[in-house]
Amino acid sequence: MSEKDIVLDLQNLRVRFETEDGIVYAVNGLDMKLEKGKAIGLVGETGAGKTTTALALLRLVPDPPGVVECDKLELNGQDVLNMGIHDLEKVRGKDISMIFQDPMTALNPVFTVGEQIAESIFLHEKCTYAEAQQRAVEMLELVGIPGERANEYPHQFSGGMKQRVVIAIALACHPQLLIADEPTTALDVTIQAQVLDLMKNLRKQYQTSLIMITHDLGIVADICDEVAVMYAGTIVEKGTLEDVFNHTKHPYTEGLFNSLPNINDRKAMLTPIKGLMPDPTNLPEGCPFHPRCPYADEDCKKPQVVRNISDSHYVRCGAYDRPGFHIERKER
Amino acid sequence: MADTILEVKNLTKYFKTKRGMLHAVDDISFKLERGKTLGLVGESGCGKSTTGRTILRLIEPTSGEIIFEGKDINKLSNRELRHARKDMQLIFQDPYSSLDPRKTVNQLISEPIVTNKILKTKAEVEERVAELMATVGLAPRLFNSYPHELDGGRRQRIGIARALAMEPKFIICDEPVSALDVSIQAQILNLLKELQGELGLSFIFITHDLSVVNHFSDEIAVMYLGKIVEKAPSEELFANPMHPYTKALLSAIPIPELGAQKERILIKGEISSPIEPGNECRFYKRCNYACDRCRELPALEEVSPNHFVACHRIGEV
Amino acid sequence: MDNNTTKRKYSVEELKKYKKRSMWAEVWRNFKKNRTAMVGLFIVIALVIIAVFSHFYYDYAADIVHQELKDRFQKPSAEHWFGTDSFGRDVFTRIVYGAQYSLSVGIVAVAISCALGTTLGVIAGFYGGVTENIILRVCEVFVGIPSVLLGIAIMAAFGQSIVVLMFAIGLVYVPMYCRTARAAVLPVRGEEYIEAARIAGVGDFGIMFKHILPNSLSPIIVQITMGVASGILTASSLSFLGLGVPLPSPEWGAMLSEGRAYIRDYGYLTIFPGLAIMITVLAFNLMGDGLRDALDPKLKQ
């Protein structure tokens, strides 16, 4: 693949928060490359560092207390890492934009939804405000809201409708990269189905790259091309859907799958992962998952390296040094 | 004859609003057998939480009967109600807001025991707290911790311990795991299931998450806008959903397996207003199969043994 | 580990190893970090010590009210730090001795208004409806009357003494606590843990004073520290008008009032009592600010 097709190139991202109660290590060495038009699912539980990663990409981590360090952060070949604040504001919303979890708080209650979409267009594109408003109406229709509702205020919309408006704002300037942070968590299942369907169609239409942050493996299976499983600020396993879902390698990924109730086999007892997420101010030595891992041994307390399973699939687990090691989850 | 612990007959709860009566719960009936679990499923605004709270009379019902172990809960005086509530408990959805932040784990768990004077001496109460903490799997070192120092899973364990403190026979679980991470969710579900087996508890399990309710319930009732639209044993409901809404709901669950996703049945629009809904089928405006007859409210009818559906077009589509 | 539930029973001794930590220790830790608040606290403590010691150190008749007309209107000097007043009394001694009046009036008045106002406010907020309406409307009537005017009316009706002054100021501030408490109770009343307490069988009284009140304390506590400051100010204003602590007691407001006649020639007679009031009020306000920050759970995380 040619270098041009890389939308996002992130190397060795580290984010920590220096608080009075100690240093919170939120993201600890995270690499990510994303091709044009691809969608990657960033999966993990609360506190895995998913949202912090997303904020770091937009350089929105609050500082202080946040400290962001990174070897490389390129968006479309532009170095975002050392960009001045003025250029950065041009990039945000134009080349990269974000959908937040809660549509109720992401919209400003004192402006009409039309104004809020038009604002983004007006700021980033050379056009008159009237043109921007015209475009805003088109965007609304694109996300399935009648254009005449552009003059209404956010409180006149239901949750699912608001999330559509948020999507319209995010896509208004046709960004190269869209980060969606749990975009459907606050919505009902049938509405979630509608919104996911919309996102899938729009993504195809605009060739937008997508980082989908979620805790729901079902959504990833539905909408993404690749999956990265995060635990305690690192990616522990990454690969295509096929790699991760059907040839699971990391014990944590296995644990996640086993914790889910199986819709086809209701009598099966759930197998939770024992223990709790580690305290991010005091991460375990070596592999952060080893205190909860059923396969752990002494070697897991040493720093872990990434192990390539195939071109597309890697896992951060030292247990594969042991001859014949495999996890219990069956290959499919 | 099965041993019925709870029977709800024609339960109705309307709220007065400026724009008219809000039909939160609209004439629903069901039975719960001892030791079994009934899942109450639906999306936000369908009245499932109101149903749970009305059964416990945390909200006064507009009309209907709630017969718990032969007594009509609706007719009890405040004192009798307090007594009856020892047998009926509630586990809350949000373990962050349902625990008093100024109380320690010890105080939280002992509160129901002390206020109801179940045990007299301080030593007995402490014994019981120790026992309950062990039962729900809270480590001894948390004895004097405050809830804000704990994660969601542990807080939910406190909530469960509080509910168990009075040795209830029947517990309403209102979305007990929806605020929790998947790995923790599985821990709590397993705990609830174990407790049910050990203590012979009956549950009403309120949730929007069909995969969870399927795992947990013996019978499932699907609610839409204050009405039960379909009710059947879990296996039957998942194998053979009949109501168009149930079908759409089932197909909307994202399944974490490749190629497992069925063709989604997308339903149009959003849930309509529960204020003065009129006499048409509640699902009429969103239903892909709606016809003229659906302008009249369908009754919940038994279409096959124990499988109840409220739809005019069963068998036609 | 607390999952993989081993169904053993814990012994009570095992649990009791883990000591209870108080919420107040946490508040104190936050409070300590705030330097201006610590300055306020330091001044308040110093004032209390001064008030207590001066009460026993000085003789009221000989040092405080004894007139020495030959020494009148002396400028501040090594002998009379703050000078002497129109009766030849030492201003410094009188100000130091006067601390007990201001502090005791401020603190007792706040205790009265807080106890009464908070109880009413919690009841109003908890029950709502008619009860709330009655309590709030009565409060509004009282708020409608300017506080000094209300104080004057009470003092005039019940006579001039320090005890009446305390009650007068206490009553004046009841509506303020009532409204603060009600406002603090409202969001707490809707919390799920209140419903949880009800399910656990807790009655109205227990819910109000065991669950709601402890969770709505922070604005009330802040109101208390600020209230001491305004109580002192009101007491001084009333004394300034000649309706507070009866003369010749060296209440700061009364001293200010006396000095007013000589403000052109002997400005120090008003400056020093004024400074004393200002420093005291400022100290309580600084402390109140610090407490508010220390109690605010939002700043914790």
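**Exercises on a predicted chain**

Chain A has 10 helices and 13 strands (DSSP runs numbered from the N terminus: helices are H or I of at least four residues, strands E of at least two). This is a predicted model, where local features need pLDDT of at least 70 and side-chain atom pairs count only at pLDDT 80 or more, while totals for chains, interfaces and linings use all residues. Residues are numbered from 1 along each chain as its sequence is written, chains are lettered from A and ligands numbered from 1 in the order in which they are written, and side-chain values use heavy atoms, with hydrogens and water left out.

**Exercise 1.** Work out whether the radius of gyration of chain A agrees with that of a compact globule.

*Solution.* Start with the rule: 2.2 Å times the number of residues to the power 0.38, with the radius taken over C-alpha atoms. Next, look at the box: the C-alpha atoms fill roughly 65 × 50 × 45 Å along the principal axes.

**Exercise 2.** Find the strands at the edges of the eight-stranded sheet.

*Solution.* First, write down the order in this open, mixed sheet of chain A: β7-β8-β9-β3-β10-β11-β13-β12. Two strands pair if DSSP finds at least two bridges between them. Now check the ends: β7 (96-99) and β12 (307-308) each have a single partner strand, so one side of each lacks a neighbour in the sheet. Finally, zoom in on β12(A): its pairing with β13 (residues 314-315) is antiparallel, over two bridges. There, A:Arg307 sits opposite A:Val315.
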